[in-house]
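Dear colleague,

I am passing on a structure that I have been reading through, and I hope you will keep it open beside this message.

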Amino acid sequence: MNLHEYQGKEILSSFGVRIQRGIVAQNAQEAVTAAKQLTAETGTSWYVVKAQVHAGGRGKGGGVKLAKNLKEVEEVAGSIIGMNLVTPQTSAAGKKVHQVLVAEDVYYPGETETSEFYMSVLLNRGTGRNMIMYSTEGGMDIETVAEETPHLIFTEEIDPAVGILPFQARRIAFNLGLSGNAFKEMTKFVTNLYTAYVKSDSSLFEINPVLKTSDNKILAVDAKVTIDDNSLFRHKNYVDLRDVREESAIEVEAGELGLNYVDLDGNVGCMVNGAGLAMATMDLIKHSGGEPANFLDVGGTADAARVEAAFKIILKDPAVKAILINIFGGIVRCDRVAQGVIDAYKNMGTINVPIIVRLQGTNADIAKKLIDDSGLDVMSATEFQEAADKVQQVLAS
């Protein structure tokens with residue numbers, strides 16, 4: 001579950017991580033009120049107005065702007081809220097901005113120069129250990145840094161049974177070139193950041209930039225936080241942080257129906273039981289010259305109601321030119337699935353895209369006969385290659 005910047009910062013702050021303070025606003029007038037409150041609480045006279053969407057690169061699309069007075073706060077917030085923000089991480093249509101974060105200015109002048117760093121915490125799947133990845137090149141796309149100057153990216157792997165040790169936090173501060181109070185601040189920042197990552201059951205913390213202020217404080221200017229969905233039963237207070245406006249409407253609807261669905265950009269809809277078979281089916285579609293339009297695992301109870309719900313979800317995508325149903329009858333009987341397909345088809349009336357049904361496993365021969373004798377415009381198959389050929393055939397016609 002992805003969070004907005006302001007939500008991620010709230011979690012960080014609750015674990016003692018210093019953040020750039022801010023207040024979320026739903027409209028321009030609320031933004032002005034937020035700015036006044038920030039001035040009263042922090043003394044800031046300049047403000048950063050940030051679009052709150054689930055996408056990086058907001059500044060490049062005009063979603064992050066500096067305001068030097070309350071009038072500019074109102075104007076900037078008014079221009080950002082309601083816009084379709086296009087960034088390198090969105091589609092060409094962009095994402096509609098529903099709210100902004102009005103944040104304090106933390107780049108104030110002082111005794112030293114400010115410095116920006118990159119830092120993230122995530123799982124290294126190769127070693128099975130958590131990892132802190134960091135760089136002196138904060139504020140830049142980390143992919144560009146990795147490609148052009150890989151020697152400027154450091155990693156610190158942490159034994160999950162022990163947790164982060166003091167010498168590891170000190171090594172990170174040292175590699176970032178810090179000394180004095182900034183060094184001490186960074187060791188505290190890193191330790192609290194890792195604690196927040198573990199105790200919130202997150203799958204990603206990305207802070208870009210981490211800022212050393214002119215008075216040697218260390219704080220998070222941004223926060224990209226992803227919570228592991230599987231842990232939400234332990235964090236009831238995080239459930240309400242989900243913003244379905246930022247998610248695919250089809251995926252949200254599928255989730256409410258109990259279907260495991262991921263929207264993709266292709267032209268062949270998939271309806272499969274089992275995640276592994278679904279991945280193999282997507283490979284099959286690619287091999288046949290098509291592109292998968294979705295990942296859809298209907299699970300082991302592929303009855304008529306569930307199949308009908310899956311059909312409706314798939315057909316919401318106008319790019320779908322064919323549907324491939326690929327069911328392995330292990331626990332579920334193939335003839336039951338076939339009857340479910342027939343019943344769902346009849347309940348929905350005319351379906352204007354070709355349907356290929358591959359059923360293999362328990363009672364597959366009965367299932368094929370049911371499909372072939374149904375009189376419906378549905379093609380049956382029993383082998384992978386046969387299904388692939390029929391997908392290729394309908395796409396070519």
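**Residues in loops**

N216 is buried, with a relative accessible area of 14%, where buried means under 20% relative accessible area, exposed means over 50%, and partly exposed lies in between, for a 1.4 Å probe and protein chains only. Before going further, please note that this is a predicted model, in which local features need pLDDT of at least 70 and side-chain atom pairs count only at pLDDT 80 or more, while totals for chains, interfaces and linings use all residues. Residues are numbered from 1 along each chain as its sequence is written, and side-chain values use heavy atoms, with hydrogens and water left out.

N216 is found in the loop between β10 and β11 (218–220), and its phi is near 65°, a positive value in a residue other than glycine. The strands and helices named here are DSSP runs, numbered from the N terminus, with helices being H or I runs of at least four residues and strands being E runs of at least two. N363 also has a positive phi, near 60°, and is likewise a residue other than glycine. N363 sits in the loop between β17 (355–361) and α12 (364–372), and it counts as partly exposed at 26% relative accessibility.

In strand β10 (residues 202–212) you will find P209, which is joined to N208 by a cis peptide bond with omega of about 10°.

T87 is placed in the loop between β4 (84–85) and β5 (95–96), and at 6% relative accessibility T87 counts as buried. Which residues is T87 in contact with, leaving aside its neighbours within four places in sequence? They are A55, G56, G57 and R58, contact meaning heavy atoms within 4.5 Å. A polar atom of the T87 side chain lies 2.8 Å from the backbone oxygen of G56.

**Helices that cross**

The axes of helix α2 (residues 28–42) and helix α3 (residues 70–80) come within 8 Å and cross at roughly 140°, which makes α2 oblique to α3. Axes are lines fitted to C-alpha atoms, for helices over the stretch in contact, and angles run from 0 to 180 degrees between N-to-C directions; angles under 35 degrees count as roughly parallel, over 145 as roughly antiparallel, 65 to 115 as roughly perpendicular, and the rest as oblique. The crossing of α2 and α3 is right-handed, a term used if the near helix is turned clockwise from the far one by less than a right angle, with anticlockwise giving left-handed. On the α2 side the contact involves A28, Q29, A31, V32, A35 and K36, and these meet L70, V73, E74, A77 and G78 in α3. By class, this contact has seven nonpolar, two polar and two charged residues, where Ala, Val, Leu, Ile, Met, Phe, Trp, Tyr, Cys and Pro count as nonpolar, Asp, Glu, Lys and Arg as charged, and the others, Gly among them, as polar.

For helix α9 (residues 275–287) and helix α13 (residues 384–396), the axes come within 10 Å and cross at roughly 50°, and α9 and α13 are therefore oblique to each other. The crossing of α9 past α13 is right-handed, and the contact is made by L277, A280 and L284 of α9 with F384, A387 and A388 of α13. Its residues divide into six nonpolar, no polar and no charged.

Lastly, V337 lies in helix α11 (residues 334–348) and counts as buried at 1% relative accessibility.

With kind regards

Conventions:
A polar contact is a pair of N or O atoms within 3.5 Å; within protein, one must be able to donate a hydrogen and the other to accept it, and residues adjacent in sequence count only if both atoms are side-chain atoms.
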